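Work through the exercises below with the sequence and the model open. Each task is followed by its solution in steps.

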Amino acid sequence: MRKLIVLLFIIAFTVSVSAQDAEQIIQEVDKNISAKSQIAESTMTVPGKRNSRTMTAKSYTIGDEKSFTEYLSPPREKGTKMLKLDKEMWVYSPSTDRTIMISGHMLRQSVMGSDLSYEDMMEDRKLTEMYTPSLAGEETIEGRKCYVITLTAKVNDVAYHSQKMWVDTERFVPLKQELYAKSGQLLKQIRLSDIKRIQNRWFPMKMVYQDMLKDGKGTEYNITHIEFDKDIPANVFSKASLKQ
Amino acid sequence: MLIRTAIKNILGAGRRTWLNVAVLSFVFVLMVAYNGIFDSFMKDALTSAHEWDTGYGQLWSEHYDPYDVFTLQDAHEPVPEALNQSIIDQSITPVLLSQATAYQNGNMQNILLRGIDPEQQILKIPSHQLAGDETGTIKAVIGKRMANTLKARPGDNVLIRWRDRHGAFDAREIVIASVFDSNTATIDAGQVWISLDNLRQMTQMTGEATYFVLSKQSRIKQDIGTWVYKDMDFLLSDLYLMAQSSRIESVIIFTILLVVALLSVFDTQTLSIFRRQKEIGTYVALGMTPQRVTRLFTLEGTSYSILAILAGFIWGAPFLYWFSKTGLKLPESYSEMGLGMRDAIYPVYQPASILTSIILIVALSMLISYIPARKII
C-alpha cells in the first residue's frame, strides 16, 4: 500500500513538474516570438501548378491588435495595403483605388492564393493565453534537440483545437508545428528554420506553411529583415495611410 | 356572299395564295411549338423548385442571405418555441447551413453543409438515407453535379473540414450514402446534405436552424418573431425574371417571323388592288359600294390567315404531337445550369396559348390587308 502511495505521489509530482516545464517552455517561446512591436520585410512564395509567385511586403505590427502591411512587388500586387485594427481589416487595392473591409468570416479566406488565411497572418496572441501545454517528450529535428510540446486549447475562439510543437531546447524557438482539428485530424504543418539571433531573441526567418489536406508544396514565408520593439508612429495604423 | 366571293377569289389566285398560306401556317405552328416548349420549361422548373428547394414558402433567419457568402456562417438562430408543433406535425422542416471545405484526391472544394431532418417528407432530398449513422460515420447525400465535382460515388469517403460556431477547425470523413438526380442546381452544386442532428453537433449549434421549408399544408404566412416569411413570389423571383426575359426574346422572334409572313400578304394585297382595277370597277358598276369592295379585299387577306391556321392544324397537329412525345433533347450543359430543366423538354400545348397565336395571326392579317384596301375608297 505504501509503495502504491509513493508511486502515485511520484507520478503526480512528475506530471506537475512536466506541466510546469511545458508552461515555462511556452513562456520562453512567447518571449522569442511575440513582441510589443515589429517592423518586418518579408517575401511570400506561393507555388502554383505551372510556376510560383513571390510577393514582397513590409509590415508594421503592434501586439496582436494593430498591423499594417504594404506589398512592394510583384508589379501586380505593388501598392496593395492591409490594415488590421483589432478584429477588423481593410485592404486597399491600387488597381481599383478602393478600400474594402474584411471582417468576420472573410478573414478565413486565403491571402493571395497562399496556404495562409488573413486570420493566420493576423493571429499573434501569446500561446500561453490560448493553450494549455504539456511536455510529450524530446526529439531531434534537423540536428537540433527539441522538446515536443502538446498544446490544447483552453479558450473557445482559437482556430486550431490542439497543436504539437517541437521547440529547440537551447534557443526556445519552434522548429516545427502541427496544427490539429478537434477530431485530431492534422490540418496544417509549419516548418520553421533559419533561426537568427536578433535583439536578444532567437527568431525563425523562414517558415513553410503546408495545408496537409491538399496537394501542394506549401507556402514559403521568408523574413528578410526584422526589428522588434521599435516605436511606430500612430498614423501608420490609420485608414488614411492606406491611400498614401 | 362577301365571304364566298373572297374565298373564290383567293383560291383562284393559285400559287400566290398557297405561298402566303404556307408561310403563315409555318409561323403559326412554330409559335405553338415555341410556346409549348416555354410553358413546359416553366412547369418543370416550378415543380422542381417546389419539390426540391423552396417547398411552398420558407421562413428565414433574419441574418440569412443566400447570396452573401460572407455572412452565411452567422445565419443561424435557435428554433422558436412557436414552431415546435409545426415541426412535430411535419408541416415545416428546419435546415441548418454551414460553410465547409471538402478534400478529395488532394483537391479542395468549397462546399455548403446542409443539415436536414432525415424524417422530413417536404423536400425530395433522399434524407431517409441519412438515418442510422450512429456508428460514428457521418452519412451524406449529394446531387449528381456535386458527385461529378468531387468525383465521388455512393460508398466513397470524403474528408470535410469545417469550423464550429467559435471558429475552431474540425475535420472528419463522411461517407456518401447516395447520389440523387435533381434538376435544381441550388440544392446540388456545391451542396452536401447531412443529418440535422449531426451538423448541429459538429458546429455546436444545438437547436438552431438557418431556414425552414414550409409544406403545402403549412398555414404560416407571416413572420414568426425574428424569422422572416418568404412567399413563393419572392423565392421564385429569379425564375419569373428569367421567364419574363425569355418572353421578351420570343416576342422579338415572333415579330420578325410575322413581319416576314405578313409582308407577303401585304405585297399580295397591294398587287391585287393594282392589277384588279377592272374587277373593282365591275363590282362598283354592279352596285357594290367602295366600302364593300374594301371589305371584300380585307376579307381576302384575312382568309389567308384562316386558311393558314387550317393548314397548320392539318400538318402541324401530327408534328406537334410527335414533338410532344419525343421532346427536345437538351445538351448536358443546359442541365448543368440547373434551371430546373430535365434532359429533354416535352412541350405542353396550352389552349390559351394556341388561341392567342390564332387571334394574333388573324388580327394582324386583317390589319395588314386593310391598309392597302382602304385606298379603294
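**Exercise 1: a helix of chain B**

Task: Decide whether helix α8 (residues 277–285) of chain B is buried or in the open.

Solution. Start with the conventions. This is a predicted model, in which local features need pLDDT of at least 70, side-chain atom pairs count only at pLDDT 80 or more, and totals for chains, interfaces and linings use all residues. Residues are numbered from 1 along each chain as its sequence is written, while chains are lettered from A and ligands numbered from 1 in the order in which they are written.

Helices (H or I, at least four residues) and strands (E, at least two) are DSSP runs, numbered from the N terminus. A residue is buried if 20 or more other C-beta atoms lie within 10 Å of its own, exposed if 12 or fewer, and partly exposed in between, with C-beta atoms placed from the backbone. Of the 9 residues of α8(B), the number buried is 0, so the helix lies largely in the open. After α8(B) comes B:Gly287, with a positive phi near 110°.

**Exercise 2: two helices of chain B**

Task: Find how the axes of helix α2 (residues 15–54) and helix α7 (residues 237–275) of chain B cross.

Solution. Axes are lines fitted to C-alpha atoms, for helices over the stretch in contact, and angles run from 0 to 180 degrees between N-to-C directions. The two axes come within 9 Å and cross at roughly 175°. Angles under 35 degrees count as roughly parallel, over 145 as roughly antiparallel, 65 to 115 as roughly perpendicular and the rest as oblique. α2(B) and α7(B) are therefore roughly antiparallel to each other. Sorted by class, their contact has 18 nonpolar, 5 polar and 1 charged residues. Here Ala, Val, Leu, Ile, Met, Phe, Trp, Tyr, Cys and Pro count as nonpolar, Asp, Glu, Lys and Arg as charged, and the others, Gly among them, as polar.

**Exercise 3: where the chains meet**

Task: State how many residues each chain brings to the contact, and which strand of chain B gives the most.

Solution. Two residues are in contact if their C-beta atoms, placed from the backbone, lie within 7 Å. Chain B brings 16 residues and chain A brings 18 residues. On the side of chain B that touches chain A, β4 (107–116), β6 (157–163) and β7 (169–180) each supply at least two residues. Of the elements of chain B, β7(B) gives the most, with 4 residues. The class count for this side is 7 nonpolar, 5 polar and 4 charged residues.

**Exercise 4: backbone exceptions in chain A**

Task: Which peptide bond is cis, and where is its proline?

Solution. Most residues other than glycine have a negative phi, and most peptide bonds are trans. The bond from A:Ser73 to A:Pro74 is cis, with omega near 0°. A:Pro74 sits in the loop between β3 (66–73) and β4 (81–85) of chain A. A:Asp97 has a positive phi near 55°, and with 9 C-beta neighbours inside 10 Å A:Asp97 counts as exposed.
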